[in-house]
Amino acid sequence: MKIRGITTLKKLKVFVKSYTKKISFIGTQHWCPICQKHSKRFDFYGVSPRPNALCIHCNSLERHRLVWLFLQKNTNIFSDSSKTMLHIAPEVCLEKKFRQVFGRNYVTADLNRNDVQLKIDVTNMPLSNDSFDIIFCSHVLEHVPDDLKALREFHRILKPDGWMMLLVPVNVDKTIEDPSITDPQKRLELFGQDDHVRKYGPDVINRIQESGFHVKQVLPGDFLTSEQIEQFGTTSDTPLFYCTKV
């Protein structure tokens, strides 16, 4: 009985702590366009915790809300469910929404996860040429040793009139990488995360183009006002890469 009482008390403390935290987020200053809920602020998140990053309702991050707004404003993705979509390393907050739109035409893939439809290596995908109308790949290539091979695979399986939405963290002036570095701590120091193999600079566009894509770089300010960037909890300098076959 004593153990059960201690366990109950611990659960109560966890509940109170969680409830108290949720109360601190009650407000209307910010709006998540994915789950369509208000909050006083977004939560901290990241290896080096970023303020105003995580939606406490759906766990979306700045980049998720940004790309969602772009897709809403600049594509017909939500009005044409006949298209096929491949989502690499699917984010939970986006996966639910995409599956509602595309149904059976929506396919998820990842190398290490078991909760996806295809467990595959993006540098060698067992998929036919011209398989998908849309490819969505966000913050994956910085984990892939041979990113050029992955990009060529994306180009191969994308239909001639299809498009790919690609996001990578761009946080240095020029891309830096060193394949000989395999120590997680050293990777953390050089690349910002222990499972990253490079840091991308704006020259990532050249890599995408070399793989056969036409690339349109889109910045938040191209389709959002500064007030919207603040309200939706996005960043002002995150680039989106809208890619089509040349």
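A search of the whole structure finds twelve salt bridges, a salt bridge being a side-chain nitrogen of Lys or Arg within 4 Å of a carboxyl oxygen of Asp or Glu. The model is predicted: local features need pLDDT of at least 70, side-chain atom pairs count only at pLDDT 80 or more, and totals for chains, interfaces and linings use all residues. Residues are numbered from 1 along each chain as its sequence is written, and side-chain values use heavy atoms, with hydrogens and water left out.

**Exercise 1.** Find the partner of aspartate 80 and the distance between them.

*Solution.* Step 1: aspartate 80 forms a salt bridge with lysine 83, and their closest N and O atoms are 3.8 Å apart. Step 2: lysine 83 has a relative accessible area of 21% and is partly exposed. Here buried means under 20% relative accessible area, exposed over 50%, and partly exposed in between (1.4 Å probe, protein chains only).

**Exercise 2.** Describe how arginine 99 and glutamate 95 are placed in helix H3.

*Solution.* Step 1: the two side chains, of arginine 99 and glutamate 95, meet in a salt bridge at 3.1 Å, N to O. Step 2: both belong to helix H3 (residues 92–102), and because they are four residues apart, about one helical turn separates them. Helices (H or I, at least four residues) and strands (E, at least two) are DSSP runs, numbered from the N terminus. Step 3: arginine 99 is partly exposed at 33% relative accessibility, whereas glutamate 95 is buried at 14%.

**Exercise 3.** Which parts of the chain does the pair of arginine 207 and glutamate 177 tie together?

*Solution.* Step 1: a salt bridge of 2.6 Å, N to O, links the side chains of arginine 207 and glutamate 177. Step 2: arginine 207 is in helix H6 (residues 204–210) and glutamate 177 in strand S10 (residues 176–177), so the pair ties together parts 30 residues apart in sequence. Step 3: arginine 207 is buried, with a relative accessible area of 15%, and glutamate 177 is partly exposed at 36%. Step 4: salt bridges with shared partners join Asp147, Glu177, Arg198 and Arg207 into one network.
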